[in-house]
Amino acid sequence: MKKYYPVIGLEVHIELNTKSKMFCQCLADYFEKKPNSEVCPVCLGLPGALPVPNKKAIEYTQIVAKALGCKLNNKSRFDRKHYFYPDLPKGYQISQYEQPFGIEGQVTLNNKVITIKRVHLEEDTGKLIHKANATYIDFNRSGVPLLEIVTNPDFDNSDDVKEYLEYLHVLVKQYLKISNANMEQGSMRLEPNISLSTVKGKLADYKIEVKNINSFKYVKKAIDYEIQRQEKLLNSNQVIKNETRGFNENKKITFLQRSKEEAKDYRYFPEPDIPPFEFTDRDLALIKIPELPYEKIKRFVETEKLNIDQAFILSKNLNKADLFDKLITNFSDKSKNVKIANIIINKLLHSDVIFSSILKKIENYLNPKTLLPKNFQIQIKEIIELNHKAVEDFKSGKESALFFLLGKLLQKVGNNLDVEQIKNLLIKELKK
Amino acid sequence: MELKGKKLIELISLINSKQLSATEVFNYFLKRSNKYNKQLNAYLTICDNQTGIPIAFKDNFLTRNIRTTAASRVLEHYIPPYNATVVEKLLNKGFSVLGKTNMDAWAHGSSTETSDFGSSKNPWDITRSPGGSSGGASSVVASYLCPVSIGSETAGSIRQPSAWSGVVGLKPTYGRVSRYGVIAMGSSLDSPGVIALSVEDCAYILSIIAGKDKYDATSLTEDVPNYSESIKKNKKYVIGISEEYLKDIEPDIKKNYFKAIEIFKKMGHKIKKIKLIDPSYSVSVYTIIQRAEVSSNLSRYDGLRFGNNRSSFSEEAKKRIILGTFTLTQGYVDEYYKKAQKIRTLIINNFKQAFNNIDLILAPTTPNTALKLGEFQKYSFFGELMDRLNEPSSIAGLPGISIPVGLDKTKLPIGIQIIGKKLDEESVMNLAYQFEKETNFFGIIKELFKKYPD
């Protein structure tokens, strides 16, 4: 049997959270609205209607492109992409083809570089609703700004894909705040393309695309399934042709949607209703992005003296990272940063309470009373008795169980005590 | 009071001085419209019970609650829920819709013969075409069924029917007037404009309808001048004339064109020979770009909405969809669409260079006077050939006006056109206005009105 090397690329569609739609003034937030209540001549594609681009959506796209290390194009424009489908009212989608807003970016994950081919902007389509032998069209979603991020086929396994997607999710939702990135609502849609090559670093001569998956877990499953499926086919000397496939969430398998022999020719041409854009280098330099996750990790480690795991965890939760940054300005002594980070990471406080009381708690943690309450031993035993499952978990090596128990204990005995001391006592007791 | 033949601005001044009410004026034209429409088939819809100053719109301008068909069966029963920006602006100024004028279906043609509701007739000779695609719009003005009408031009669709009908037709700079609510034909070319009896009426209407529209991203932001005033400044111009625009032109048209040149000279304008790219190149460029855009713009009429389904498309639209689809198809898009765009750039630059040395260009509007109905079936690309003298300036997005300059041997009107720099409608109309004052367009239209008594 031959050895095969998976070659995987990814297209991700993300709905932007702008106030209005991409080319009209209708509200972009269509979730749970009455069907066809957020529509106008433009997003219904009525005769005579014309698109006027949403500046904010363009700015958001450029922000994402910049955050993904892309080159921002000085000249950019929209194009028409033609196909017929009932949810596409104009018979074409306004998208970008030859001059997207961003090209040639990269993201580093697990010390592996994933290169980004393009970042472009387009409009979402309406939604078909199949009910009682009839199909209805809801145009509320029609014209919602849709960002598309396309990677080169740089992935060779599904774990890296999942990691990339998680990174992207944190980036657009928390750091750039340009999308609600709500997976259940379909505001982030994922399309991996998978093929197997017999030569490492070379592309296969076919490509299988899996369309419209809305969970990271399912993307991983779809990729793993495809790798197996294709391996089997290749091993039995079958030729694989280009295909577009769907993913069945119940069976966890992919299924044929259409073979690419019937591939559509989208007849792209420049959208004549929207003048092309020209951005000066100055315009593009003015596009500001916040500190990015990897920059934050670097700063937390190098300047704030956190350990790498802490920095990594904090970088994935911007609320916590920000709380950390805010708290440490109150303490001149960086040696306490690790402790502060631990307190934040282990959820020993809630970030939704007012800052002054959080600060007070932290101070208590950092300068604890060493005197333990009289009934401390009784309390600790009680906690252990009442939380069997957690105790078992701890014994089988789950560190999170320890923090769960510690939290419970602190709730009882008050948390203005020396947490380290209490933690050690708890461990001692647990190991008895 | 004798109203017949009064210009729009004269009617408005009568209304303003309370000698007449707008309703009286409206009803006067309503009566004439009802009387002669059977004969001319110039309107597809006539609206009664209105109280404003009457105006007619080509039936590709969306009018709220008034049927808008683009003269196609596909939209036979389509009632739009909104007004085109041009319509909205005029209604706000006290105008009322008197009617929706006939046209080539989807504006595909130069004779109104591709209308799915029958061709309009030329008021000069009802066995002939009034031109097109805004043929109904030129016909209602020439027969005085409406004092002024709004048309649209992609390449020639205002100027050519105005020339064939003996009236004034203004095609503004692309983007000067909003396209919002105008059923799209060639989106990179479509320009709403005015058909009237006089240049002053065109200037008056353009002052109302021009300007940036937040609903049209291609509308231009430059301030709108007061055209009615600026056309009255007595300016002297350097007028360019080009040999390339005289190939295969009917002798009577040539003769009248040269007569006009002499008049301009006598008035103190300078005539200068210039060299322009042969208009026949524009025929190919225009055809390719326009067909590509047509095939795209008509995609929305997919049979799911708007009433009738795709089997209601007639032959011309189907031909254009097929040709446009072809020119955008992979493997051909470079050879056709992209090459056409390159030549388009050359044509734009050619005009730019020419305008370094001249203010305006003077040329015949059409190679022929009005043809007999049915002639168009003899030629493929009939429209493109008829409009070849308008296509170069349309491709370049330039403003132009066609004005009557006399009659040919068979008593059919002849038009000449004045083409200006981008956004220089002022000079275009200024020179046209000077010519009108000097010649009164030789009184030809007053003669025609005799055939259409109240």
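## Loop residues of chain B

B:Asn49 lies in the loop that connects strand 1 and strand 2 (53–58) of chain B; helices (H or I, at least four residues) and strands (E, at least two) are DSSP runs, numbered from the N terminus. The model is a predicted one, in which local features need pLDDT of at least 70 and side-chain atom pairs count only at pLDDT 80 or more, while totals for chains, interfaces and linings use all residues. Residues are numbered from 1 along each chain as its sequence is written, and chains are lettered from A and ligands numbered from 1 in the order in which they are written.

Although B:Asn49 is not a glycine, its phi is positive, at about 60 degrees. B:Asn65 counts as exposed, with 12 C-beta neighbours inside 10 Å. A further loop, between strand 3 (95–101) and helix 4 (135–142) of chain B, contains B:Ser133. The peptide bond between B:Gly132 and B:Ser133 is cis, with omega about 10 degrees.

## Overall form of chain B

Chain B has 15 helices and 11 strands. Its radius of gyration is 20 Å, close to the 22 Å that the globule rule gives for 454 residues, so chain B is as compact as a globular protein of that length; the radius is taken over C-alpha atoms, and the rule is 2.2 Å times the number of residues to the power 0.38. The C-alpha trace of chain B spans about 65 × 55 × 45 Å along its principal axes.

Of the 454 residues of chain B, 59% count as buried. Among contacts in chain B between residues at least 6 apart in sequence, 77% join residues at least 24 apart; two residues are in contact if their C-beta atoms, placed from the backbone, lie within 7 Å.

## The sheet of chain B

In chain B, 11 strands form an open sheet with mixed pairing, in the order 1-3-2-4-6-5-10-11-9-7-8; two strands pair if DSSP finds at least two bridges between them. Strand 1 (43–46) and strand 8 (270–274) of chain B are the edge strands, each pairing on one side only. From one strand to the next, the twist averages 30 degrees; axes are lines fitted to C-alpha atoms, for helices over the stretch in contact, and angles run from 0 to 180 degrees between N-to-C directions.

Five bridges join strand 7 (residues 238–242) and strand 8 of chain B in the parallel sense. B:Ile239 has B:Ile271 in strand 8 of chain B as its bridge partner, and B:Ser242 stands opposite B:Ile274 in strand 8 of chain B. Together with helix 8 (residues 251–266) of chain B, strand 7 and strand 8 of chain B make a right-handed β-α-β unit; a crossover is right-handed if, with the strands pointing away from the viewer, the path from the first strand over the helix to the second runs clockwise.

## The sheet of chain A

Chain A holds an open sheet of nine strands in the order 2-6-7-10-1-11-12-13-14, with mixed pairing. Strand 2 (71–72) and strand 14 (253–259) of chain A stand at the edges with a single partner strand each, so one side of each is left without a neighbour in the sheet. Strand 6 (residues 102–109) and strand 7 (residues 112–123) of chain A pair in the antiparallel sense over seven bridges. The bridge partner of A:Gly102 in strand 7 of chain A is A:Val119.

## Contact between the chains

Across the interface, 28 residues of chain B are in contact with 23 residues of chain A. On the chain B side, helix 9 (279–297) and helix 10 (315–328) of chain B are the elements that give two or more residues. Helix 9 of chain B supplies the largest share, three residues. The side of chain B that touches chain A divides into 13 nonpolar, nine polar and six charged residues; Ala, Val, Leu, Ile, Met, Phe, Trp, Tyr, Cys and Pro count as nonpolar, Asp, Glu, Lys and Arg as charged, and the others, Gly among them, as polar.

Key: Buried ≥ 20, exposed ≤ 12 C-beta atoms within 10 Å, placed from the backbone.
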